Structure formats: C-alpha cells, structure tokens
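Open the model in your viewer and keep the selection tool at hand. The stops below say what to select next and what is there.

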Amino acid sequence: MFAFHLEIPQGVSQLEATYDYIEPEGESATDKLTVLEWNDVLLYPAGTPAEQLTYEATLLLPEGWKFGTSLPIESAAANKIVFKPISLDMLVDSPVIAGEFYRVIDITPAGEPIHHELDLVADSEAALAISPETQKGMTSLVAESGKLFGARHYRDYHFLLTLSDHVAHFGLEHHESNDSRLPERVLLGPGAGYMVGGLLAHEFVHSWNGKFRRPADLTVPYYEQPMETDLLWGYEGLTDYLGPLLAARSELWTEEQYHDYMASIAAAFGPGRPGRTWRPLLDTAVGETNEGLARGQGGWSNWRRGTDYYDEGDLMWLEVATIIHHETNGKKSIDDFTQAFHGGPNNGPEVKTYTFDQLVSALNAIAPYDWATFLHTHLDSTAPEAPVGGIENGGWKIIFNDKPLKLEGRRANFGQIYTIGLLLKDDGTVTDAIVGGPAFQAGIAPAMKVMAVNDHVFTPDVLLDAIKATKDTSQPISLLILSDDYFRTFHVDYHGGERIPHLERVEQKPDYLDELIKPHAAAK
Ligand SMILES: [Zn+2]
C-alpha cells in the first residue's frame, strides 16, 4: 500500500529496514490468538515479479502459543519458527494462525494420498470442541472435492479456522490453505455444519477455481498492478455455486438447507433486487473495484446492487449444470466440466489462466451449446425477475409461505423484504427500503428508525405480528418513524401476511436439483 523511494549510495549492496506494524482493533488479533497475513508485515523491491523474489521468514510467538500454516517449516523450537525459503507470492499466499488455544484435526479421508488438516484457534479452550458430525462432514468435504475435481493442485491443505468474537468475520482463499474466521462458539451450536460448510467449502473450492484456474485479467505479476474484475462471475460466481454443492454432498448441509439457501437467493434477486432493471450482473463485477458501490454502503443496496456476482452466480451456474445434463441426455454433468477445466497433474500450487472465450470452449467440449449467448444473456440482462431457469430445470419452483428458513446465521438483519419491503436492524433502524415496495411507496427510506407499529413500541416481533395480521384487515400498518430529529407517521398499504421464500417440487419434472447434491464419494 506504500512506496518508499530511496537514494542508495554507491557501493551499497544490502539494505536493512526495521519497522513496526500496528494491528487495527477488531481485525486479526485478540489477547489469545492472531492471524498473520505476511503482506501486512513485509517490504519488497518494486518491479520484480512476486514469484521471482525469495523470502526467508522467521516468526516469534508469545510463550506457549501453538500455530498452523501451510508454509514449509525449517525449524520450530520453543516459540521461534524459521520457515523454509519461499517465493514472495507463496509467502503472501500462506498465512499463519497462532494462539494459546489451538487444535489440529487430521481430516484426510481413507485412501486419499494428500494430507488435509483442520487447524483451529479460538479465544477459549471450550470453543475448540468440534462435534463428531461436523468433523466427519469436513472429512467428507475433502473426499467430495476429490470426486468433483478429480485432481488437486497443492502439496497438502490446511483449513485455518479462527474462532473469535473480536476479529473480522470473513474467509480468504489461498492455494494450500484458507483463512476463515467465525464467531467463537460456532462449533458448539446446532448451526455448526451449516456455518462451517457454507464458509469453508467456498474457500476450499477456490484452491481449484480462482487460485489454480484464474481469469487472465485477474492475474498480475506485481501487487501494485491493478486487476480487471469483469470475470468475477467465474472466479466468485462458480465458487459460490460449487461450495454449497460440496457442503450438501458432504452432508455438512441438509438437503432442506440447500433448498432454503437457493430459495433465499432466488427471492433476493426476484422481488428483492429492483436494481436489476438498470444495472446488469456484469457491471457488478466490473464495478467491484469501486468499494463503496460494490458493497452498497449507505442504504439503497437493492437499487445500487452490490457484490451480486457471488449469489447470482449460484443461479447461473446451476442453470449451466442443468443444461449440460439436458444437452447430453444425462451422459455428462457439471462434474465432467470441473474435472476437465480444473483437472490436470498436481504440480503443487500453480496458476492456469483463462479468458471468456476459453471458458466457452471448455463448456462446449463437454456439451455443445451456444454458451456465449447463454452467458451474455445472463450477464447483460436487465429483467426484473430472478434467473431461476436452473431451479425450474431441476424440478423445483419458488414459493412464499410462513415457514421459517433453516439457515442459521444467514439473516443477521431482520428482514421484511418480501412483505412491506424493509430491511431493519433489531433496534428498528431501516438499512434498506425496496424500491417500489409498500414501505417505499409510503415514503420510508434507509436511515429512518421505526419507533412504533400501530401505536405499540417497536420490536421485531411486534412488527411481525402486525404483518401477519394484515391478511385479515383492509387497514394499512401505521409506522411511527424517527427521521433525523422529527417523528412522522407513515401508513404502509400491505395485506399479504408473512412471506418467506422456499423451494417446492414440481412433480411432473425429474428432481435433478437433488441429484446434483447427493453424496458422490464412495468412501465415507
Ligand atoms: Zn470467494
């Protein structure tokens, strides 16, 4: 992020730099653990490709801390670890997790020659108690990945999972590991399989799709060179489809959770994303580098759109899978595509780039079809409806009813998106108002705060009760709202009751959706 310009005197052959790194609060470290990303703590000479620079790294840890990483180790004595010399790009691609409470679990399936492990650090010893079911699911995930891709492109693989309420929660992919961060007690709750499967399967898939097969214009030799992001619907979109597919095949997710997940995504792009009418999917990928626009900060994300190339990729690639099945009369599947596109010999971590045309050719080699038109139609569409062709080809349809979704942790915000068209925090603050929806029509906008519902002090349950009751009355819902320093009352004309998206079988069609997520690996 910073460039230092030095005037080096004649005859000097070596530079020594000493510097401090200040860890931002709530990012990567607590009193009990840390995630070390090498790019935070290193300098490099400009102008030399990262793969041509060799680094020798040494790490000093607090007394008694243990660590996990995919970096090859020269020596580890007491709290001092010396790593083997390694290229800059692989050093940056190989973070270290370390902490007082650490546990390593071998999740290599029987018969698998390449070592896989789950490295856990947590803010407490208790948080490391993974259940036998989740551990079995992780081993199955490794086995299923072998079936899906038919190849691996790493020497061994480390799932680096940090469990803390005081670090940023996200996942970051690498060739031989992933740096994933979840709340401290996530392994202890009933949603462990769903949460772990959702995040870790996605980041694991990236080892093949993103790190190994990478869009050519996302591949740059120097860190200071900007990337072009137009193919992120391949890098992230295909990963976001294959991650849940593997989570379901490895039974970290139930079939019902997979259905609910797909339904929630389809609904998010159907009634939930009116911005589709002006901003096509491709533009959400191209615009990724504009951080504010990409993340939809400051409200109106339903109109601006955000990083939709992730979730909409799930629907587009599911449709690809159903077309491969249909066009080949069931002789080929998406697995044939992934084995061809992501396969080849294991030379350890390497990058094999692709362009749009090469991706189209790879699809054509599996199932001859006008893939370029198919992809362009999706990528350039400004239709308001969600692209649910894959769900329908798979023998299912989207319905709305009053049954809760079985998706633990997915709905951090309290959503009434598909009823009155509002996304709210638990305290009533409006984070988004669906453009054209009933609340929007009444005049409600993001940053306002709901104080009372039909004269009753607001809680999420009070609003939900009022929404359920709309079925039996012609009266609008009365919302008392605080807008900056003024109270105002809005009347929301809505009479549809509770509406939660689900998938429902279409009995006339074969159930190919579930066929795709059945376990494929023989050895369990
Ligand atoms: Zn990703």
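Along the chain, the donors of the zinc ion follow the spacing H-x3-H-x29-E. This is a predicted model.

**Stop 1: the zinc ion**

Select the zinc ion together with His202, His206 and Glu236. NE2 of His202, NE2 of His206 and two OE atoms of Glu236 coordinate the ion, at 2.0 to 2.7 Å. What arrangement do the four donor atoms make around the zinc ion? The arrangement is irregular, because the donor atoms subtend angles of 52 to 152°; a tetrahedral count would need all angles between 85 and 135 degrees.

His206 and Glu236 link distant parts of the chain, 30 residues apart. His206 is in the loop between α3 and β14 (213-215), and Glu236 is in the loop between α4 (232-235) and α5 (237-249). His206 has 0% relative accessibility and so counts as buried. Glu236, at 6%, counts as buried too.

**Stop 2: helix α3**

Now select residues 192-205, which form helix α3. At 1.5 Å a residue, its 14 residues should span 20 Å, and the end C-alpha atoms are 19 Å apart, which agrees. Twelve of the 14 residues are buried, so α3 is largely enclosed by the rest of the structure.

**Stop 3: salt bridges**

Side chains of opposite charge can pair when their charged atoms come close. How many salt bridges does a search of the whole structure find? The search finds 16.

Select Arg152 and Glu112, whose side chains meet in a salt bridge at 3.0 Å, N to O. Glu176 lies in the loop between β12 (171-173) and β13 (177-182) and Arg155 in the loop between α2 and β11, so the pair ties together parts that are 21 residues apart in sequence. Glu176 is buried, with a relative accessible area of 1%, whereas Arg155 is partly exposed at 47%.

Then select Arg181 and Asp179. The closest N and O atoms of their salt bridge are 2.8 Å apart, and both residues are buried.

**Stop 4: a network and two positive phi angles**

Select Arg273, Arg276, Arg305, Asp308 and Glu312, which are linked in a network of salt bridges. Look at Arg305 in particular: its phi is positive, about 70°, although Arg305 is not a glycine. Arg305 lies in the loop between α9 and α10 (311-327). Is Arg305 buried or exposed? Arg305 is buried, with a relative accessible area of 0%.

Trp300 also has a positive phi, of about 60°, and is not a glycine. Find Trp300 in the loop between α8 (291-295) and α9 (301-304). Trp300 is partly exposed, at 27%.

**Stop 5: a nonpolar patch**

Select Met1, Phe2, Phe4, Leu6, Ile8, Val12, Leu15, Tyr19 and Leu43, which make a nonpolar surface patch of about 1,100 Å². Tyr19 lies in the segment before β1 (33-36) and counts as partly exposed, at 41% relative accessibility.

Note on methods: Residues numbered from 1 in each chain as written. Predicted model: local features only at pLDDT ≥ 70, side-chain atom pairs only at ≥ 80, totals over all residues. Heavy atoms only, no water. Helix = DSSP H or I, 4+ residues; strand = E, 2+ residues; numbered from the N terminus. Expected span 1.5 Å × (residues − 1). Buried < 20%, exposed > 50% of the residue type's maximum accessible area, 1.4 Å probe, protein only. Donors = N, O, S within 2.8 Å, 3.2 Å for Na, K, Ca; no water. Tetrahedral: all angles 85-135°; square planar, octahedral: opposite > 155°, others 65-115°. Patch = residues over 30% accessible without salt bridge, like charges linked within 9 Å, V, L, I, M, F, W, Y side chains within 5 Å. Areas by Shrake-Rupley, 256 points an atom, 1.4 Å probe, with all protein chains shown as cover. Salt bridge = Lys/Arg side-chain N within 4 Å of Asp/Glu carboxyl O.
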